[in-house]
Amino acid sequence: MPKYDIFEFIRCCDENKNDVVPLKSALDDANSCFGLKTKSNLLDFIGNNGMEDLKFVNTKEWENNPDKTFKIYVDAYEFRSMCNWVILHPYIMKRR
Amino acid sequence: MEKLICPACGSSNLVKSNYHEYVTENIGGQVLIDKVLYQCPDCGLEGDFFNENELAIEKALSDLKNKLVVSILDGFTENKVSLSSIERALDLPQRTLTKWKNGASAPTSAGIALLKFIKLFPWLLEVAENKFDYEISQKIFMGNAFQKMISKMTFIESEFKEAGVITSANSTFLYIHMHKNEDINAMGYGNITPMVTIS
């Protein structure tokens with residue numbers, strides 16, 4: 001079971017873009033896989049339900065969390081856009 | 001000054017660095033720009049946490065697209081295809097393409113996509129000229145496909161005199177004209193020109 005609500009994340013990408021922070025890896029992959037070159041392009045795509053056939057893969061505790069008293073999890077999903085299948089890893093997160 | 005904190009772990013030890021990276025615009029080329037990167041030594045995450053690269057990337061892409069538009073339109077003009085006739089065939093307001101070329105107005109993303117398509121597949125203009133009629137479009141498409149295919153095929157000169165494609169709005173012929181050769185066996189096409197027609 002995912003730890004977080006993916007649809008709330010998608011809604012954030014549409015309505016509260018300042019609360020979403022794509023990491024460098026996410027932007028690099030978004031560019032190379034889908035031609036999405038800016039944060040705006042990427043979040044607009046996600047917020048517009050661009051991730052088709054979205055399927056939950058697994059959830060893991062964030063290993064690099066320096067605060068061990070507050071657990072943070074990462075949910076991984078796979079999705080498709082046109083012909084490209086991608087795994088959505090925790091490269092994008094909500095700002096604290 | 002507001003202290004910058006890592007959006008993931010809350011650390012205030014962010015390290016900022018600058019680097020250069022190419023911004024590429026599909027068939028529009030690329031340009032090198034300066035970018036900012038923040039790295040968190042406490043959790044290891046990195047990225048443009050404060051949206052400092054967005055404007056630079058958008059400007060670079062806009063410049064590349066403007067150059068691409070001019071290049072595509074110049075290409076048509078150099079090949080004696082008038083912008084006015086393209087506008088007529090595509091049902092665009094007259095002088096649209098001239099304005100794009102001169103920078104008086106900028107094409108939308110849809111306009112740029114359209115230009116890319118007609119640059120890659122100029123025969124689409126013929127499809128538009130024929131009012132996007134489905135049957136005629138198929139013939140135009142297949143005629144172009146055959147011409148491409150013929151250009152890639154290797155013919156033995158001693159056996160093949162000529163090969164080519166003849167197209168019209170109503171039909172497309174692929175012809176292969178072979179020399180008369182008694183040694184050509186199985187198909188028995190020693191003195192007959194085989195043809196494939198699409199009508």
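User: A:Lys37 is buried yet has no salt bridge; which side chain of opposite charge is the nearest, and how far away is it?

Analyst: This is a predicted model, in which local features need pLDDT of at least 70, side-chain atom pairs count only at pLDDT 80 or more, and totals for chains, interfaces and linings use all residues; side-chain values use heavy atoms, leaving out hydrogens and water. Residues are numbered from 1 along each chain as its sequence is written, while chains are lettered from A and ligands numbered from 1 in the order in which they are written. A salt bridge needs a side-chain nitrogen of Lys or Arg within 4 Å of a carboxyl oxygen of Asp or Glu, and buried means under 20% relative accessible area (exposed is over 50%, partly exposed in between; 1.4 Å probe, protein chains only). Lys and Arg count as positive, Asp and Glu as negative, with His and the chain ends not counted, and for A:Lys37 the nearest side chain of opposite charge is B:Glu25, at 6.3 Å.

User: Which backbone oxygen does the side chain of A:Lys37 reach?

Analyst: A:Lys37 sits in the loop between α2 (24-34) and α3 (39-47) of chain A; helices (H or I, at least four residues) and strands (E, at least two) are DSSP runs, numbered from the N terminus. Its side chain makes a polar contact of 3.4 Å with the side chain of A:Asn31. A polar contact is a pair of N or O atoms within 3.5 Å; within protein, one must be able to donate a hydrogen and the other to accept it, and residues adjacent in sequence count only if both atoms are side-chain atoms. At 3.1 Å, the side chain of A:Lys37 also reaches the backbone oxygen of B:Thr24.

User: Which residues of α2(A) are buried?

Analyst: This helix is followed by A:Gly35, whose phi is positive, near 70°. Within α2(A), the buried residues are A:Lys24, A:Ala26 and A:Ala30.

User: What is the area buried between chain A and chain B?

Analyst: Contact means heavy atoms within 4.5 Å, and 17 residues of chain A are in contact with 23 residues of chain B. The size of an interface is often given as the accessible area lost when the parts come together. Here the buried area is the accessible area (1.4 Å probe) that two parts lose on being put together, summed over both. Carbon and sulfur atoms give 58% of the area between chain A and chain B, which is about 1,700 Å².

User: How many salt bridges does the rule find across the interface of chain A and chain B?

Analyst: Side chains of opposite charge can pair when their charged atoms come close. By class, the side of chain A that touches chain B has 6 nonpolar, 4 polar and 7 charged residues; Ala, Val, Leu, Ile, Met, Phe, Trp, Tyr, Cys and Pro count as nonpolar, Asp, Glu, Lys and Arg as charged, and the others, Gly among them, as polar. The rule finds 5 residue pairs in polar contact across this interface, both at pLDDT 80 or more. The number of salt bridges across the interface is 0.

User: Is B:Lys35 buried or exposed, and what is its relative accessible area?

Analyst: B:Lys35 lies in strand β2 (residues 30-39) of chain B. Its contacts, not counting residues up to four places away in sequence, include B:Ser17, B:Tyr19 and B:Ile57. A polar contact of 2.5 Å joins the side chains of B:Lys35 and B:Glu21. B:Lys35 is buried, with a relative accessible area of 10%.

User: Which residue of chain B forms a salt bridge with B:Lys59?

Analyst: At 53% relative accessibility, B:Lys59 counts as exposed. The N to O distance in the salt bridge is 2.8 Å, and the partner is B:Asp63.

User: How many salt bridges does the structure hold over all chains?

Analyst: In chain A, A:Glu8, A:Arg11 and A:Glu15 are linked in a network of salt bridges. In chain B, B:Glu129 forms a salt bridge with B:Arg88. Over all chains, the number of salt bridges is 13.
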